[in-house]
Amino acid sequence: VTDQLAQVSAAGIDGVVFGFLDYNEELKYFDSAVMPLLRQAGLRR
Amino acid sequence: VERGGAVRLRLGRLPRPAGPGASQADPEALAGLINAGHSPAATAFSAREVDFSFVGFDSVEQVRTVAARMREKARTDHQRDIGVCTSALVVCRETEAEARAVYRSIIEQGDRVAADNLIKVLGIESQSFNDRIEKYRERVVAAGAPTRSSARPSR
């Protein structure tokens, strides 16, 4: 997910609106598993 | 909803009218104007008015081209810099194979009749997706799929 978002960012996209299948479950998982990687990649502060 | 399929929203704190006791809202506190339409009229509106244009996502190469074109139009026609955003369905699981299996399951179990109905309305009434309706069908199925316990994140 982080790799793909990095490609989108490098293509000149300033922001992405996310959709999830089940926000209730998946947002928590995204926050714990993906957000740290996005910060590490410099895509989030 | 603007003529031509553009949809615009103003977000954030709006300045209150000046007057006795009225707070002076910082104009910088206002979030930007966005537009998610891509008919010719909507593209012209984006170039002229908005801070962020939302573009559809098919591939990295496609979005790179569309984003560059949108920025260039705003610069050329109106000497403005605008931002470009997109949207994505995120399916994250412990492994890529699991995530891809969930996505396949969403497509297989999706409501194709509902997706077709939405595509018809988009095609006829917005003209934003004429060149990508078929690809968009899959996306609509994914976005409208019912939640399945098998599709939840693994722990």
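Modeller: Helices (H or I, at least four residues) and strands (E, at least two) are taken as DSSP runs and numbered from the N terminus. This is a predicted model, in which local features need pLDDT of at least 70 and side-chain atom pairs count only at pLDDT 80 or more, while totals for chains, interfaces and linings use all residues. Residues are numbered from 1 along each chain as its sequence is written, chains are lettered from A and ligands numbered from 1 in the order in which they are written, and side-chain values use heavy atoms, with hydrogens and water left out.

Colleague: In which helix of chain B is Val140(B) found?

Modeller: Chain B contains 5 helices and 4 strands, and from the N terminus its elements follow the order β-β-α-β-α-β-α-α-α. Val140(B) lies in the helix that covers residues 133-143, namely H5 of chain B.

Colleague: Is Val140(B) buried or exposed?

Modeller: A residue is buried under 20% relative accessible area, exposed over 50% and partly exposed in between (1.4 Å probe, protein chains only). Because its relative accessibility is 10%, Val140(B) counts as buried.

Colleague: Leaving aside neighbours within four places in sequence, which residues are in contact with Val140(B)?

Modeller: Contact here means heavy atoms within 4.5 Å. Ile119(B), 21 residues away along the chain, has its C-alpha atom 8.0 Å from that of Val140(B). With neighbours within four places set aside, Val140(B) is in contact with Ala115(B), Leu118(B) and Ile119(B).

Colleague: At what angle do helix H1 and helix H2 of chain B pack?

Modeller: Two packed helices are described by the angle between their axes and by the distance between those axes. The axes are lines fitted to C-alpha atoms, for helices over the stretch in contact, and angles run from 0 to 180 degrees between N-to-C directions. For H1 (residues 40-49) and H2 (residues 60-78) of chain B, the axes are 8 Å apart and the angle is about 65°.

Colleague: How do the residues of the contact of H1(B) with H2(B) divide into nonpolar, polar and charged?

Modeller: The contact is made by Thr43(B), Ala44(B), Ser46(B), Ala47(B) and Arg48(B) from H1(B), together with Met70(B), Lys73(B), Ala74(B) and His78(B) from H2(B). Ala, Val, Leu, Ile, Met, Phe, Trp, Tyr, Cys and Pro count as nonpolar, Asp, Glu, Lys and Arg as charged, and the others, Gly among them, as polar. On that basis the residues of this contact divide into 4 nonpolar, 3 polar and 2 charged.

Colleague: Turning to chain A, which residues do ring pairs link into a cluster?

Modeller: Rings of Phe, Tyr and Trp (its six-membered ring) pair if their centres lie within 6.5 Å, and planes under 30 degrees apart count as stacked, over 60 as edge-to-face and the rest as tilted. The search of the whole structure finds 4 aromatic pairs over all chains, among them the edge-to-face pair of Phe18(A) and Phe30(A), at 5.2 Å centre to centre and 65° between the planes. Phe20(A) and Tyr23(A) form an edge-to-face pair at 5.7 Å and 75°. The cluster linked by ring pairs consists of Phe18(A), Phe20(A), Tyr23(A) and Phe30(A).
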